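I opened this model to look through its pockets, packing and backbone. My entries follow in the order I made them.

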Amino acid sequence: EQRLVAINKSLEMEIKERKASEEKVKHLNRQLLENIASLEQANKDLDRFAFMASHDLQEPLRKIRMFSDRLALRYNDMMDEDARTNIQRIHKAAERMQNLITDILTFSKISVDNTAFVGADMNALLGEVLVDLDEEIKSKNGKVTIDQLPTLTVNPSLMKPLFHNLIGNALKYSKKDTAPVVKITSEISSQLNGKSAQLVSPKYCRIYIQDNGIGFDQKYAEEIFGMFTRLHHNSEFQGTGIGLALCKKIVEQHKGYISARSKINEGSTFIVSLPVQYAQQSVSHVS
């Protein structure tokens with residue numbers, strides 16, 4: 001009889017614990033649903049911000065630039081040097097703000113679209129990017145070489161701004177007395193930037209974007225991919241501090257990884273690791 005009583009008590013305790021666990025699971029589920037609803041609301045707020053950024057904020061900036069241009073053209077002969085300088089500052093400040101809004105809008109619009117992933121010849125894709133950067137390359141007497149990149153399954157519309165930013169930065173942060181040289185190479189590896197990738201994907205394509213520019217201290221190698229992070233003052237190099245954060249987000253959308261190696265005055269190498277679904281060698285391209 002005592003043994004039965006003990007068994008009953010044990011069963012009662014087990015039932016209570018099970019009920020408590022069920023209540024805890026229900027509570028966690030309620031919290032999860034609340035978090036999902038909160039995230040959905042946050043996404044709606046972001047959509048509203050995107051609309052505001054694309055219209056309500058940019059329209060006043062366009063007017064500021066337009067009217068400052070009109071003032072400069074119409075009253076140029078009547079203004080002294082100080083007035084001309086102030087007009088120019090207004091124009092440049094409005095232009096920086098417009099570029100910042102455009103970059104934030106681009107960053108917020110990046111999303112996964114599996115139907116947009118296609119087999120893309122990376123040499124051809126980078127060739128299109130070089131066409132867009134042709135004026136910058138010529139103005140700095142620069143050289144960009146692309147050597148035997150494979151065909152990869154990617155979203156081309158996201159890959160273009162990725163490489164546009166990386167090559168553009170290599171040109172921007174070049175040494176004053178040295179023509180920029182950018183070398184783009186690749187390799188297929190079973191490792192992800194030096195770490196085993198067996199649990200993630202059997203193979204990765206590592207794309208190296210190497211330059212001979214001013215470089216940076218390696219201790220900032222992680223920080224530079226953060227939003228609004230800039231290592232140089234705006235008076236030295238124009239920028240919004242969003243470009244590399246955009247690159248990181250694009251690579252992560254491809255289930256990849258981006259990193260950087262650099263030394264001050266010895267150039268930088270950015271490494272983009274993308275999972276390989278299929279790869280075929282293609283021709284090299286030089287610009």
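I began with Phe-225, which is buried at a relative accessible area of 6%. I use buried for under 20% relative accessible area, exposed for over 50%, and partly exposed for in between, with a 1.4 Å probe and protein chains only. The model is predicted, so local features need pLDDT of at least 70 and side-chain atom pairs pLDDT 80 or more, while totals for chains, interfaces and linings use all residues. Numbering runs from 1 along each chain as its sequence is written, and side-chain values use heavy atoms, with hydrogens and water left out.

Next I looked up Phe-270, which counts as buried at 8% relative accessibility. I then searched for aromatic pairs and the structure holds 1. The ring centres of Phe-225 and Phe-270 are 6.1 Å apart and the planes stand at 85°, so I logged the pair as edge-to-face. (Rings of Phe, Tyr and Trp, the last by its six-membered ring, pair if their centres lie within 6.5 Å; planes under 30 degrees apart are stacked, over 60 edge-to-face, the rest tilted.) Phe-225 lies in the loop between strand S7 (204-211) and helix H6 (243-253), and Phe-270 in strand S9 (residues 268-275), so the pair ties together parts 45 residues apart in sequence. Helices (H or I, at least four residues) and strands (E, at least two) are DSSP runs, numbered from the N terminus.

**Pocket.** Phe-225 turned up again in the lining of the second largest pocket. Other lining residues include Gln-218, Glu-222, Lys-248, Tyr-257, Arg-261 and Ile-271. I noted a volume of about 180 Å³ for this pocket. A pocket here is an open set of points on a 1 Å grid over the protein atoms alone, where a 1.4 Å probe fits, with protein on both sides within 12 Å along at least five of seven lines; lining residues have an atom within 4 Å of a point. The volume is the space filled by probe spheres set on the points.

Which strand gives the most to this lining? I found strand S8 (residues 257-262), with 5 residues. The lining divides into 6 nonpolar, 3 polar and 3 charged residues.

**Helix H6.** I checked H6 for burial: 8 of its 11 residues are buried. Among them are Leu-244, Leu-246, Ile-250 and Val-251. Just after H6, Lys-255 takes a positive phi of about 60°.

**Core.** The largest nonpolar core has 44 residues, and Phe-163, Ile-167, Ile-184 and Ile-207 touch the most other members. Helix H5 (residues 156-172) supplies the largest share of this core, 8 residues. (Such a core is a set of buried Ala, Val, Leu, Ile, Met, Phe, Trp, Tyr and Cys residues joined through side-chain atoms within 4.5 Å.)

I listed the contacts of Ile-184 beyond four places in sequence, and they include Leu-126, Val-144, Asp-147, Ile-167 and Ile-207. Contact means heavy atoms within 4.5 Å.

**Asn-123.** I placed Asn-123 in helix H3 (residues 122-132). Asn-123 is buried, at 4%.

**Positive phi.** Asn-141 is not a glycine, yet has a positive phi of about 55°. Asn-141 is exposed, at 62%. Gln-148, also not a glycine, has a positive phi of about 45°. Gln-148 sits in the loop between S2 and strand S3 (151-154) and is partly exposed, at 46%.

Key:
Ala, Val, Leu, Ile, Met, Phe, Trp, Tyr, Cys and Pro count as nonpolar, Asp, Glu, Lys and Arg as charged, and the others, Gly among them, as polar.
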